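Here is a brief report on a protein model.

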Amino acid sequence: MSSLISTDLVGLDEDLGGTSTDVIRALAARVAASGRAGSADSLADDAIKREASVGTGVPGGIAIPHARSASVTEPTLAFSRLARTVGFGAPDGDADIVFMIAVPEGADGDHMTVLSTLARALIRDDFTAALRAAKTPADIVQLVDDEVSGEVAETRGATAASAAGATSASSSAADATGDGARRPKLVGVTACPTGIAHTFMAADALVAAAKRLGADLQIEPQGSGTVTPLDPAVIAEADAVIFAVDVDVRDQGRFAGKPVVRGPVKRGVDAPDAMVKEALAAAKDPNAARVGGTAGAAGAAAGSTTEKQGFGSSLKRWLLTGVSYMIPFVAGGGLLLALGFLLSGYEIAGNAATVLTDYSLFNLPPEGLPYFLGAAAFQIGNLSMGFLVAALAGYIAYAIADRPGIAPGFVAGAVAVFMGAGFIGGLVGGLLAGFAAYWIGKPDVPRWLRGLMPVVIIPLLASIFASGLLVLVLGGPIAALTVALTDFLNGLSGTGAIVLGVILGLMMCIDLGGPVNKVAYSFAVAGLSAGSISDNPAPLMIMAAVMGAGMVPPLAMALASTVLYRKGFSQVERSNGTAAWLLGASFISEGAIPFAAADPLRVIPASMVGGAVTGAISMAAGVTSQAPHGGIFVFFAIGNLGMWALAIVAGTVVSAFVLVLLKKFVRRGAAAGADASAEAAEAGSVVGQRSPVAA
């Protein structure tokens with residue numbers, strides 16, 4: 001295995017700029033210069049995007065920016081000891097020690113183990129003190145090599161589980177305190193989006209805190225490498241659970257019924273003592289929040305209450321879970337339908353089944369091979385789209401009741417289609433099936449019956465309840481509502497269509513991939529299956545307006561920063577602007593996030609104005625899209641492509657000009673002087689001079 005770090009990747013007592021973005025870009029350039037990344041800008045953008053989700057600073061003046069990036073060719077560490085400290089979001093102040101971890105998409109287990117070992121070492125005072133005392137880059141390389149030198153061999157040996165799996169606060173024999181009393185027993189899971197650094201740092205910080213507080217804590221770090229699950233017997237004996245996670249806990253049902261304390265993974269690093277104290281208190285509190293689950297989950301207790309969440313937040317999570325699982329059916333099916341129309345014309349919608357039945361590759365129809373392939377593409381896409389409502393309902397139920405909810409949810413979705421209730425029926429059916437499965441699985445049952453509950457009894461009874469209600473009571477009214485909604489949307493023209501386009505455009509641009517953006521996108525995707533060019537074009541028009549408006553913010557940032565007003569943006573922002581051209585063209589709204597993070601009060605309003613313009617023009621012109629994603633690269637799926645392109649160009653130009661005007665004439669209070677200096681400075685001015693938000 002090649003070395004992760006070398007002297008050319010180390011810098012001592014250097015000034016890399018005043019913001020975390022500056023430091024990340026400098027270290028990314030260092031990685032690329034060493035030949036370990038194909039593009040410094042691409043690596044930096046990935047790391048900055050990760051940094052924007054949650055700061056990578058940890059207590060003690062340490063920062064660990066990191067990213068998985070397709071541009072990285074081999075796992076790499078870049079190091080800087082800063083002469084000027086920089087904020088990375090740590091609760092105790094700025095960082096002077098920065099390790100950048102760059103990992104390719106397919107990093108192997110050995111490298112991930114080494115990287116996790118380094119992350120754990122960075123919370124030790126002796127290791128960080130040695131980094132600060134190092135005299136030369138070679139000293140830094142030696143410190144890192146000494147820390148991780150034995151880790152790969154250990155991982156390949158019989159003791160691999162201790163390196164990459166569960167972390168314990170004490171030996172299994174240490175079950176009692178000094179006075180013979182039983183030590184409190186805790187278990188936990190740590191997980192961050194990349195599974196590289198914070199996952200393991202939080203695990204070790206929580207373990208150390210538990211030891212200080214006289215408790216026995218075993219942690220399962222769910223990192224990017226091999227995950228060794230906690231022993232079920234250990235979970236069964238635990239008094240409480242700690243989840244320090246930014247992503248879903250894998251196989252959460254193992255902990256069902258246990259008192260639980262939840263928090264982001266960074267809290268596990270920054271405030272481990274507080275989380276452990278809360279877990280110890282929850283273990284003694286009969287009213288504490290508990291891990292949800294069904295009777296089939298190990299350790300579920302009768303009468304246990306689930307974690308206390310607002311109904312609105314839970315409902316949003318359930319519905320978005322269903323939509324997220326449904327989207328792959330839409331993406332594949334919609335593109336195949338569009339490809340079928342491209343190859344065979346719109347009349348193939350009524351002929352595809354007959355063509356495939358009467359002809360084959362060895363007996364082509366008179367229209368030729370392209371027509372036959374178009375029929376095949378259309379039919380496959382049509383079948384894929386047929387799963388949409390069932391998948392939506394099935395995974396809504398799954399979000400509520402875990403795996404026992406899937407079957408009754410899919411059945412309820414199929415019944416909704418049968419009743420003509422459409423995606424609204426799927427939403428209702430999924431909720432009914434999920435609630436039924438959850439409540440049926442809630443009571444305690446005899447041991448001999450537990451094995452039948454999740455695979456037979458819960459799916460059967462929940463299907464009878466949810467689908468029975470749809471067939472006998474709810475299906476007809478929901479079908480009537482669906483017809484009325486379809487007629488209303490199809491009847492929109494003139495002002496009505498424009499107003500709807502404005503609303504959708506505003507929603508797509510207000511938070512650039514956040515919750516409001518996702519609501520608008522989910523609305524468009526959920527209705528896509530009911531769309532038809534000839535009979536029901538409204539859902540396809542909504543999809544086109546949503547996708548067009550979502551492309552505007554990054555395209556506008558690119559236009560403003562690289563063409564219209566270069567001197568009003570720093571060198572870093574101009575580099576981001578160059579990348580934003582492709583991101584916007586691909587319908588990746590998040591390409592505007594670096595600009596919004598640095599200057600939200602001017603970027604967001606400008607984006608919303610442009611998005612509203614695009615949505616209005618798109619709806620007014622009757623533009624349709626049979627594809628849910630892809631931007632300009634799915635041009636063949638767009639109806640009235642010229643007007644769609646005009647709508648996007650118009651929105652982009654309007655948004656860019658509004659942003660330039662805001663930057664020239666609307667100052668940001670404390671940042672006003674910084675903006676003036678940015679206009680007069682040479683290219684390459686420091687982002688930290690423009691806005692403290694960028695840090």
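Buried means under 20% relative accessible area, exposed over 50%, and partly exposed in between (1.4 Å probe, protein chains only). This is a predicted model: local features need pLDDT of at least 70, side-chain atom pairs count only at pLDDT 80 or more, and totals for chains, interfaces and linings use all residues. Residues are numbered from 1 along each chain as its sequence is written, and side-chain values use heavy atoms, leaving out hydrogens and water.

The protein has 695 residues, and 52% of them count as buried. Its secondary structure comprises 27 helices and 13 strands (DSSP runs numbered from the N terminus: H or I of at least four residues for helices, E of at least two for strands).

Strand 1 (residues 10–14) has four of its five residues buried. It runs parallel to strand 5 (residues 76–86), joined by four bridges (strands pair if DSSP finds at least two bridges between them). G11 faces S80 of strand 5.

The whole structure holds 14 salt bridges, each a side-chain nitrogen of Lys or Arg within 4 Å of a carboxyl oxygen of Asp or Glu. Three of them are listed here.

| Salt bridge | Closest N and O atoms |
|---|---|
| E14 and R30 | 2.9 Å |
| D45 and R25 | 2.6 Å |

E14 sits in strand 1 and R30 in helix 1 (residues 20–33), 16 residues apart. Both are buried. D45 belongs to helix 2 (residues 40–53) and R25 to helix 1, 20 residues apart. D45 is partly exposed at 23% relative accessible area, whereas R25 is buried at 12%. E220 and R254 are both buried. Shared partners join R25, D41 and D45 into one salt-bridge network.
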